[in-house]
Amino acid sequence: MQTTSTRLSILVSMAIAASPTLATADLIDGLVEYWELDGDYSAGIDESHVGTLQAKGTGLAESGFVAAKFGEGIDLESSDANNQASVVIGGDENDFDFTGANMSVSLWYTTESLYRDWQTLIGKGEGGSWRLARNRSTASQIKLSLNIIGEGKLDLQDGSWHHLVATVDAIEGNRMYVDGELVASNAGPTDLGDSPQPMQIGGNPQAADRGWDGILDDVGIWDRPLT
């Protein structure tokens, strides 16, 4: 079995422009949390950040762990307001607010269907908070709620795996990488605000009918922009 440190090296290696000699210790620097999603929702840094599947309708009946990019991942089956699934993260919700900017999110995903606007890969909330979601009704775009939009290959809907990294930097601005390529950047804004909602993987805590339909794997969050 791979250690968390080894898995983290794989997790970010395809999406950040760094030296080939980048040490695993550099990747762990600033790591707030990491979910392998290998058959459970346990957290790699703080056990209180364990996830809980929140689902209803066929989302509850059909969601579960399947073979994924590395080991297993969670297959979330959402199709409409009555059939939803997401993973609600426990512990102190303030751990994922990042007020004043500076953070990074990394995850692997597949897209099974684009059934509605703003399907969410991961998020803390609406308004001034942050989320990574389908950009309205577009077929391929992903939007980081800080007004940065990149091509996310969502339109493929063929079970293919893609790696997404989004970074927020109070000085350098925001960036989005898909499969190791920079697909979008802007100068700001970078104020992430403060949402009282628990973070969700595969869902938006302030819009309950926008769950992801696809498989998610190896989710990591840092309190600094990856470089």
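Four aromatic pairs are counted in this structure, which is a predicted model. Seven strands form an open sheet with antiparallel pairing, and strand S15 (residues 214-222) is mostly covered, with nine of its nine residues buried. The largest pocket has a volume of about 160 Å³.

**Aromatic pairs and a charge over a ring**

- Of the four aromatic pairs, one is formed by Trp35 and Phe96, which are tilted, with 6.0 Å from centre to centre and 40 degrees between the planes.
- This pair links distant parts of the chain, since Trp35 belongs to strand S1 (residues 31-35) and Phe96 to the loop between S5 and strand S6 (103-109), 61 residues apart.
- Trp35 has a relative accessible area of 0% and is therefore buried; Phe96, at 1% relative accessibility, also counts as buried.
- Tyr41 and Phe65 make another tilted pair, because their ring centres are 4.9 Å apart and their planes stand at 45 degrees.
- Here too, distant parts of the chain are linked: Tyr41 is in the loop between S1 and S2, Phe65 is in strand S3 (residues 64-67), and 24 residues separate them.
- Tyr41 is buried, with a relative accessible area of 13%, whereas Phe65 counts as partly exposed at 25% relative accessibility. The two fall into separate classes because buried means under 20% relative accessible area.
- Arg131 is placed over the face of Trp118, at 5.5 Å from the ring centre.

**The seven-stranded open sheet**

- The strand order in this open sheet is S2-S5-S14-S7-S8-S9-S10, and the pairing is antiparallel.
- The edges are taken by S2 and strand S10 (148-151); each has a single partner strand, so one side of each is left without a neighbour in the sheet.
- Ala133 has Lys143 in S9 as its bridge partner.

**Strand S15 and its partners**

- Strand S15 (residues 214-222) has nine of its nine residues buried.
- S1 pairs with S15 in the antiparallel sense over four bridges, and Tyr34 stands opposite Gly220 in S15.
- Strand S4 (residues 72-76) also pairs with S15 in the antiparallel sense, over three bridges; the bridge partner of Asp75 in S15 is Ile215.
- S6 and S15 run antiparallel and are joined by five bridges, with Tyr109 opposite Leu216 in S15.
- As background, strands of a sheet pair through backbone hydrogen bonds, either parallel or antiparallel.

- Strand S12 (residues 173-178) pairs with strand S13 (residues 181-186) in the antiparallel sense over five bridges, and Arg175 has Ser185 in S13 as its bridge partner.
- The hairpin of S12 and S13 has two residues between the strands, and Asp179 takes a positive phi near 55 degrees there.
- Most residues other than glycine have a negative phi. Asp179 has a positive phi although it is not a glycine.
- Asp179 lies in the loop between S12 and S13 and counts as partly exposed, at 22% relative accessibility.
- His162 and Asp179 are 17 residues apart in sequence, and their C-alpha atoms are 5.8 Å apart in space.
- Ala101 likewise has a positive phi, of about 90 degrees, although it is not a glycine.
- The place of Ala101 is the loop between S5 and S6, and at 8% relative accessibility Ala101 counts as buried.
- The loop between S5 and S6 also holds Phe96, the partner of Trp35.

**The largest pocket**

- The largest pocket, with a volume of about 160 Å³, is lined by 14 residues, of which Gln54, Gln84, Ser86, Gln200 and Ala208 are the closest to its centre.
- Strand S2 (51-56) and strand S5 (84-89) are the elements that give two or more residues to the lining of this pocket.
- By class, the lining has five nonpolar, seven polar and two charged residues.

Methods
Residues are numbered from 1 along each chain as its sequence is written. This is a predicted model: local features need pLDDT of at least 70, side-chain atom pairs count only at pLDDT 80 or more; totals for chains, interfaces and linings use all residues. Side-chain values use heavy atoms; hydrogens and water are left out. On a 1 Å grid over the protein atoms alone, a cavity is a set of points where a 1.4 Å probe fits but cannot get out, and a pocket is an open set with protein on both sides within 12 Å along at least five of seven lines; lining residues have an atom within 4 Å of a point. Grid points are joined across faces, edges and corners, and a volume is the space filled by probe spheres set on the points. Ala, Val, Leu, Ile, Met, Phe, Trp, Tyr, Cys and Pro count as nonpolar, Asp, Glu, Lys and Arg as charged, and the others, Gly among them, as polar. Rings of Phe, Tyr and Trp (its six-membered ring) pair if their centres lie within 6.5 Å; planes under 30 degrees apart count as stacked, over 60 as edge-to-face and the rest as tilted. Buried means under 20% relative accessible area, exposed over 50%, partly exposed in between (1.4 Å probe, protein chains only). A charge sits over a ring if NZ of Lys or CZ of Arg is within 6 Å of the ring centre and within 35 degrees of the ring normal. Two strands pair if DSSP finds at least two bridges between them.
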